[in-house]
Amino acid sequence: MKFPNHVIHRRHRGSRTFMDGAAATTAIKFVRDRGLDHVVEREKNLRPLLNVKNLIKSEPSKSLPISIIAQNKDSLKIPSRPIEFIRKYPSVFHEFLPGGIGIHPHIKLTQEVLDIDADEHLVYESDSYRQLVADRLLKLLMISRMNKIPINILDKLKWDLGLPQNYLKTLVPDFPDCFRVVGSNESGQLELVCWSDGLAVSILEKKAMEGGSGYSKGMPLAFPVKFSKGFEMDKKVKKWWDDWQKLPYVSPYENALQLSPKTDESDKWAAAVLHEILNLFVAKKAERDDVLCIGEYLGIRSRFKRVLLHHPHIFYLSSKIGTYTVVLKEAYKRGLLIENNPLMNIRNRYLHLMHTVKEHGKDISMSSGTNQEKKAASNASKKEAGDDDSEEENNGVSVTFSGSETENGDSDEEEDRFKGGRRGSREAVAVSRRTTTRSKRNNGDLKTHLGDGEVERAMGRRHSRTKPKVPQPLNASTNVHRRSQQRSSS
């Protein structure tokens with residue numbers, strides 16, 4: 001087993017001053033980033049949907065009764081009632097009664113999602129992607145101080161690392177010079193076999209070396225930051241931040257645990273470790289609990305917490321989808337992932353299909369998506385199609401699908417009821433609510449500025465403007481005066 005011949009030891013260079021203690025909670029204020037919140041929120045149901053998809057696909061009949069899906073609700077991480085979750089995505093799941101006499105409905109996959117699944121399988125099987133995944137695992141093992149990672153932690157990070165479902169059987173044995181499994185698959189560990197000096201370079205160091213700045217290990221290296229709109233920093237915090245950026249950059253592949261946990265140098269090294277791990281993830285984000293889980297194994301869980309608290313302009317913490325998600329801010333621009341990743345392109349196609357509703361054999365994109373979401377789906381379509389404009393040349397697969405996959409008989413009626421009826425009723429209720437809300441808002445605004453009597457008079461004046469003028473009847477005295485004038489003239 002080959003490892004570096006030296007381990008860099010650094011002495012304590014100083015203690016925390018301004019950002020120590022309670023001052024940290026008041027000095028740095030959290031500012032919400034709507035674009036990054038949307039990045040997290042748009043993938044809310046993607047993981048449970050793909051879990052159900054993989055479960056159905058694993059069955060020989062390629063279908064499952066809804067009762068089996070309900071029994072596995074927790075393991076599939078379905079956030080609502082399984083039947084409601086299934087019916088929410090009719091473009092992905094098709095509900096039918098087997099033989100027309102079944103008591104419990106069965107669920108199968110539509111042809112559209114099967115086409116995407118086939119392309120996803122091709123991505124996992126490609127040599128280029130398998131090498132990328134192997135490099136991610138190798139770098140993660142080199143970051144670990146023991147050069148080992150338990151299998152249960154890797155299973156938690158499988159989605160973020162972009163690992164195939166059965167990576168222990170299909171991926172790990174093909175790279176015996178990089179890593180190997182020690183112990184059983186359930187309680188075993190993935191162990192590093194050979195250290196790679198070429199891969200033991202962080203993304204920040206790689207960019208600095210490519211930039212021609214003459215960077216060498218141990219020199220100061222600043223983190224790229226993105227301040228959210230509305231973020232303000234006072235002079236004291238600004239000075240501390242500038243000094244922190246000028247500290248020497250300690251590589252995440254170096255062992256710096258000897259640094260005192262409450263020093264700025266230690267925090268910058270922990271930030272470097274977290275920054276590198278997030279760059280290993282395909283979406284450059286992960287749930288906070290999973291991040292802290294790997295941090296606990298590395299022995300720097302508390303340092304990860306402090307980094308997330310002190311540096312929200314590097315690591316954004318979103319509270320969407322009922323949990324906290326850590327997002328690497330520099331990896332996104334206008335709510336879109338900058339790096340082109342084949343697996344993320346596949347996931348964007350799944351998201352686009354999830355927000356597609358079939359009506360009368362045509363695919364209609366739901367209006368609930370924002371411009372950023374529509375742009376992400378469009379970019380995914382372009383990346384999958386390559387430089388050619390024709391989608392038919394993209395292995396015969398189109399991002400926007402047409403036609404409908406339905407069963408004969410009763411299932412057609414079920415599909416129409418859940419697609420057309422529920423959609424039409426929701427639109428009618430929405431229009432009615434908007435009309436009622438607008439009327440109440442107008443009356444409420446009027447009462448806010450005027451008294452009750454003035455409101456009645458104002459409303460009266462408003463209606464009087466539109467009333468047609470009607471001739472008023474003459475009174476009795478006027479009629480007598482006119483008759484007398486007529487006699488005198490005669």
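Mentor: Start with a definition: axes are lines fitted to C-alpha atoms, for helices over the stretch in contact, and angles run from 0 to 180 degrees between N-to-C directions. Keep in mind that this is a predicted model. The protein has 21 helices and 13 strands. Helix H13 (residues 235-245) and H14 pack at an angle of about 70°, with their axes 10 Å apart.

Trainee: Why are H13 and H14 called roughly perpendicular to each other?
Mentor: Angles of 65 to 115 degrees count as roughly perpendicular. The angle between H13 and H14 is about 70°. H13 and H14 are therefore roughly perpendicular to each other. The crossing in which H13 passes H14 is right-handed.

Trainee: Which residues of H13 and H14 meet?
Mentor: Contact means heavy atoms within 4.5 Å. On the H13 side there are Trp 240, Trp 244 and Gln 245, and they meet Asp 264, Asp 267, Lys 268 and Ala 271 in H14. Sorted by class, the contact of H13 with H14 has three nonpolar, one polar and three charged residues.

Trainee: What about helix H14 and helix H16: how far apart are the axes, and at what angle do they cross?
Mentor: The axes of H14 (residues 264-280) and H16 (residues 301-310) come within 9 Å and cross at roughly 90°. The range for roughly perpendicular is 65 to 115 degrees, and that makes H14 roughly perpendicular to H16. H14 contributes Ser 266, Asp 267, Trp 269, Ala 270, Ala 271, Val 273, Leu 274 and Ile 277 to the contact, and H16 contributes Arg 303, Phe 304, Arg 306, Val 307, Leu 308 and His 310. The residues of this contact divide into nine nonpolar, two polar and three charged.

Trainee: What lies in the loop between H13 and H14?
Mentor: Glu 254 is found in that loop.

Trainee: Is Glu 254 buried or exposed, and how do you know?
Mentor: Buried means under 20% relative accessible area. Glu 254 has a relative accessible area of 14%, so Glu 254 is buried. Glu 254 and Met 142 are 112 residues apart in sequence, and their C-alpha atoms are 9.0 Å apart in space.

Trainee: How is His 313 classed, buried or exposed?
Mentor: His 313 is found in the loop between H16 and S8. The cut-off for buried is under 20%, and at 3% relative accessibility His 313 counts as buried. Leaving out residues up to four places away in sequence, His 313 touches Val 225, Lys 226, Phe 227, Phe 231, Trp 241 and Lys 329. Of the 490 residues of the protein, 43% count as buried.

Trainee: What makes Lys 62 partly exposed?
Mentor: Exposed means over 50%, buried means under 20%, and partly exposed is in between. Lys 62 has 46% relative accessibility, so Lys 62 counts as partly exposed. Lys 62 is found in the loop between helix H3 (46-58) and S1. Phi of Lys 62 is near 60°, a positive value in a residue other than glycine.

Trainee: Where is Ile 321 found?
Mentor: Ile 321 is in the loop between strand S8 (315-318) and strand S9 (325-328). Phi of Ile 321 is near 55°, again a positive value in a residue other than glycine. With a relative accessible area of 31%, Ile 321 is partly exposed.

Trainee: How do you know that strand S1 and strand S3 pair?
Mentor: Two strands pair if DSSP finds at least two bridges between them. S1 (residues 63-65) and S3 (residues 106-109) have three bridges and pair in the antiparallel sense. In S3, Ile 107 is the bridge partner of Leu 64. Strand S2 (residues 93-96) is joined to S3 by four bridges, and these strands run antiparallel. Here Lys 108 of S3 is the bridge partner of His 94, and Phe 93 stands opposite Leu 109 in S3.

Trainee: Why are S1 and S2 the edge strands?
Mentor: The three strands form an open sheet in the order S1-S3-S2, with antiparallel pairing. S1 and S2 are the edge strands: each pairs on one side only. Neighbouring strands of this sheet are turned by 30° against each other on average, direction ignored.

Trainee: Which strands does H3 lie across?
Mentor: H3 lies across S1, S2 and S3, and runs at about 100° to S3.

Conventions:
Residues are numbered from 1 along each chain as its sequence is written. This is a predicted model: local features need pLDDT of at least 70, side-chain atom pairs count only at pLDDT 80 or more; totals for chains, interfaces and linings use all residues. Side-chain values use heavy atoms; hydrogens and water are left out. Helices (H or I, at least four residues) and strands (E, at least two) are DSSP runs, numbered from the N terminus. Angles under 35 degrees count as roughly parallel, over 145 as roughly antiparallel, 65 to 115 as roughly perpendicular and the rest as oblique. Ala, Val, Leu, Ile, Met, Phe, Trp, Tyr, Cys and Pro count as nonpolar, Asp, Glu, Lys and Arg as charged, and the others, Gly among them, as polar. Buried means under 20% relative accessible area, exposed over 50%, partly exposed in between (1.4 Å probe, protein chains only). A crossing is left-handed if the near helix is turned anticlockwise from the far one by less than a right angle, and right-handed if clockwise.
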